[in-house]
Amino acid sequence: MNTINIDNYLDSHYMHRSNWLRAAVLGANDGIISISSLAIGVAAASTTRQPIALAAVAGLVAGALSMAAGNTFQVPSPWEFQRWQVIFLVLIYKKLIV
């Protein structure tokens, strides 16, 4: 049986499994709201369909590139935050006990 210490505490934690789901839900929500708002705004100012479709496609491409770039740095941050939090709490615990 493996002993649990500060180096392997987070190895079996569930937060490693949920990052992709969190990113997918937030990305879908952001995409739906921003693209529909953009299309409604352009539709209010235009009477033809071409500007609405062009604005929606441009918004989809810009949103996809933005989410891809932002997701590279956003997803690991909860894991890093929890790891530092555990290290900090262990150091405080050891200082109070010893």
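1. Ala 64 lies in helix H2. Ala 64 and Gly 31 are 33 residues apart in sequence, yet their C-alpha atoms are 8.2 Å apart in space.

2. The structure under review is a predicted model. The protein chain has an average pLDDT of 78, and 73% of its residues score at least 70. Among the elements of the chain, helix H2 (residues 50–74) has the highest mean pLDDT, 83, while H3 has the lowest, 76.

3. Which elements make up the protein chain? It contains three helices and zero strands. Read from the N terminus, the order of the elements is α-α-α.

4. Asp 30 is found in helix H1 (residues 15–45), and the C-alpha atoms of Asp 30 and Gly 63 are separated by 8.5 Å. Along the chain, Asp 30 and Gly 63 are 33 residues apart. Asp 30 has a relative accessible area of 40%, so it is partly exposed.

5. Ile 52 is another residue of helix H2. Is Ile 52 buried, partly exposed or exposed? Its relative accessibility is 22%, and therefore Ile 52 counts as partly exposed; the limit for buried is under 20%. Leaving aside residues up to four places away in sequence, Ile 52 touches Ala 39, Val 42 and Ala 43. The C-alpha atoms of Ile 52 and Ile 40 are 8.1 Å apart, and these two residues are separated by twelve residues along the chain.

6. The contacts of the whole chain may be considered next. Among contacts between residues at least 6 apart in sequence, 71% join residues that are at least 24 apart.

7. What share of the residues counts as buried? Of the 98 residues of the protein chain, the share is 13%. The chain exposes about 7900 Å², and carbon and sulfur atoms supply 69% of that area.

8. One feature of the surface is a nonpolar patch formed by Phe 88, Leu 89, Ile 92 and Leu 96. Together, these residues have about 430 Å² of accessible area. Leu 96 lies in helix H3 (residues 77–97). Leu 96 counts as exposed because its relative accessibility is 68%, the cut-off for exposed being over 50%. The helix that holds Leu 96 is also the element with the lowest mean pLDDT in the chain.

Notes:
Residues numbered from 1 in each chain as written. Predicted model: local features only at pLDDT ≥ 70, side-chain atom pairs only at ≥ 80, totals over all residues. Heavy atoms only, no water. Patch = residues over 30% accessible without salt bridge, like charges linked within 9 Å, V, L, I, M, F, W, Y side chains within 5 Å. Areas by Shrake-Rupley, 256 points an atom, 1.4 Å probe, with all protein chains shown as cover. Salt bridge = Lys/Arg side-chain N within 4 Å of Asp/Glu carboxyl O. Helix = DSSP H or I, 4+ residues; strand = E, 2+ residues; numbered from the N terminus. Buried < 20%, exposed > 50% of the residue type's maximum accessible area, 1.4 Å probe, protein only. Contact = heavy atoms within 4.5 Å. pLDDT = per-residue confidence, 0-100.
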